[in-house]
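This report concerns the two-chain model shown below. Please keep the sequence and the structure in view while reading.

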Amino acid sequence: MAIAVDRLQTAPEAEIDQWLRMYRRMLMIRLFEEQVNDLYTRALMPGLAHLYIGEEAVAVGVCEALRSDDYITSTHRGHGHCLAKGARLDRMFAELLGKEAGYCKGKGGSMHIADPDTGNLGANAIVGGSAGIATGAALTAKRMKTGRVAVCFFGDGAMGQGLLYEVMNMASLWKLPVIYVCENNLYGEYTSNVETLAGDMLTRAAGFAIRGESVDGQDVRKVHAAATQIVERVRAGAGPAFLVCNTYRFMGHHVGDVNREYYRSKQEEQLWKTERDPIKLLGDWLGAQNLTDRARLEQLRIEVKSEVEQAVQFALAAPYPGPDKVDQDVYA
Amino acid sequence: MPETREITLGEAVREALVEEMRRDSRVFICGEDIAEAGTVFKVLGGLVDEFGPERVLDTPISEAGFTGMAVGAAMTGMRPVVDIMFGDFSTLVMDQMVNQAAKVHYMSGGRWKVPMVMRATLGATRRSGAQHSQSLHAWFCHVPGLKVVLPATPYDAKGLMKTAIRDDNPVVFFEDKMMYRLKGPVPAEEYTIPFGVADVKREGTDVTIVATSSMVQVALGAAKLLEADGISAEVIDPRTLWPLDEKTLVESAKKTSRVIVVDEGYGRYGATAEIASAITEGAFFDLEAPVKRIGAMHVPIPFSPPLEDATVPNEQAVVAAAKALLG
């Protein structure tokens, strides 16, 4: 007979802290991205941005399993990865607005945020373009025996790029500590991957003798559990791994992709938003387990919202780089 | 008196790599058939015996893949040298070199750097057909963030390769595959050659011949023929196409007032166009005639020997151009 227990009394405090930390991080990404969308619609942000809303559990679940000195490479839809790896909100906003205080002094922009301090080798606007960089970082880790691992985030669209398979082959041959994380959000830009992906994704990795698994990418606890096991194995020298996180892009391909019915239905989007929101799912679970209460989660929201607002105000007020900066940093 | 030996250009490249790999444990080389095979041109023979297969890393035939890995390895603390067997395969690595390696430093606001070298070959007349004979170095010159090196002698090859490996930027280093056996004096003691410094290979007063890589020997041969006709030709090798030593080129142009630029790449939008333009801008009022450009014929490199030979600039073409300039 199962005995109901009060988890609040039995779950280790560290574990509760970790869940709340992941909740907070996901919320931070969500509110950051909502603010980005707002900046775009108010014409305060130059260019475009690709929002991560709906996919927060992937970046947060994976990065929570990493050391701060582990490496990541990110994608055009990269704000979530950067924040999950420890980027600051104010410097993120500043970069998106092209300001000197941004992570890349305004020279990178939304799709190119990089930060050595958090092991972020850079977001990449070429689909699948960072697969080589992540694998090369893993080669360094192995050669220099630093114990670091490299995580290469990419979308299901990158499964169509040859580079990925070239480096998977070498990573497997040389047992490199690299983890290929595919965020399968079902669409590459405006096309369903039913039209673009033949066969089974995991089988592709298996062809290189790379152990692969797929996980519910909306459940941060599952993503984190899978990532933790994989990171441990890869760090111990087992060679590369492949993790498919099944997720969904709640918004359009980018902030300007508003009318989407020609490639996916509103009903489908609504279903994911109401039934499969990663933040709500974790919040509900924490509540059901009696690990926290609504008031505490609401308090977190208020805190994060205030941080996001302060950060965006900082970025809006921050100066642009002077024109004399344009030809600096071309060569080291 | 410092010791100087005669070694080949291939041996000079090899010596540079060996010395830098001994000096710096972060340096490694990767590519196809570079370990036991020592490359198809046998330039790297024996390296694997000294440094082992981890530092002389044989790769699958995946140029984009291992070039991309070199970018990541360079960003994280290694100093990779990538061996691209034929420069024609530049097409396969272009995203990694142009969109990744060249831009990482700038896009990150100067926070990441990519200290890597991409070695490749150029040059026709090896009877290798259209996909193994091109001279595509101009492509890389077009991209901010890359440096482009074209040695023409064993001495330059060694000194420039050592500089390339020590440079904190991505450097593309083109070797003429037909010159690997060319011998020349190389000091036994260590030296490096700075980028952006042209070398006057021969002094002259009547006409300046600016020549790169495989065309330096052609220019020197033409200069000898011209000398027999009483024409004094100056031959200048820029050695690095970027950075480009415009000052030395312009000064020579001002001195001779007639200039020929010869390069084995295609003339159309090629290295000769850029150099001719720089000279024209810098020495316009001292020139007696428009700068003459000579490049490869604008055709895919044919296989048949007489056809292939016809595509490459030769001494006769340079001599004829010089005589035409001198009226």
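## Basis of the model

The model is predicted: local features need pLDDT of at least 70, side-chain atom pairs count only at pLDDT 80 or more, and totals for chains, interfaces and linings use all residues. Residues are numbered from 1 along each chain as its sequence is written, while chains are lettered from A and ligands numbered from 1 in the order in which they are written.

## The sheet of chain B

Chain B holds an open sheet of seven strands in the order 3-2-4-5-7-6-12, with mixed pairing. Strands (E, at least two residues) and helices (H or I, at least four) are DSSP runs numbered from the N terminus, and two strands pair if DSSP finds at least two bridges between them. Strand 3 (56-58) and strand 12 (240-242) of chain B are the edges; each has a single partner strand, so one side of each lacks a neighbour in the sheet. From one strand to the next, the twist averages 20 degrees; angles run from 0 to 180 degrees between N-to-C directions, and axes are lines fitted to C-alpha atoms, for helices over the stretch in contact.

Strand 2 (residues 27-31) of chain B runs parallel to strand 3 of chain B, joined by three bridges, and B:C30 has B:L57 as its bridge partner there. With strand 4 of chain B, strand 2 of chain B pairs in the parallel sense over five bridges; B:G31 stands opposite B:D83 in strand 4 of chain B.

In a regular strand, side chains alternate between the two faces of the sheet. In strand 2 of chain B both faces are covered, with B:V27, B:I29 and B:G31 buried on one side and B:F28 and B:C30 buried on the other. A residue is buried if 20 or more other C-beta atoms, placed from the backbone, lie within 10 Å of its own, exposed if 12 or fewer do, and partly exposed in between.

## Helices of chain B

Helix 3 (residues 63-75) of chain B lies across strand 2, strand 4 (79-84) and strand 5 (117-122) of chain B, at about 165 degrees to strand 4 of chain B. Helix 6 (residues 154-166) of chain B also packs on the sheet, touching strand 2, strand 4, strand 5, strand 6 (147-149) and strand 7 (171-176) of chain B. Residues are in contact if their C-beta atoms, placed from the backbone, lie within 7 Å.

The buried residues of helix 7 (residues 214-228) of chain B include B:V218, B:A222 and B:L226. After helix 7 of chain B comes B:G230, with a positive phi near 80 degrees.

## Contact between the chains

In chain A, 33 residues are in contact with 36 residues of chain B. Helix 6 (131-143) and helix 7 (162-173) of chain A each supply at least two residues of the side that touches chain B, and helix 6 of chain A gives the most, with ten residues.

The axes of helix 6 of chain A and helix 7 of chain A come within 9 Å and cross at roughly 15 degrees.

Note on methods
Contact = placed C-beta atoms within 7 Å.
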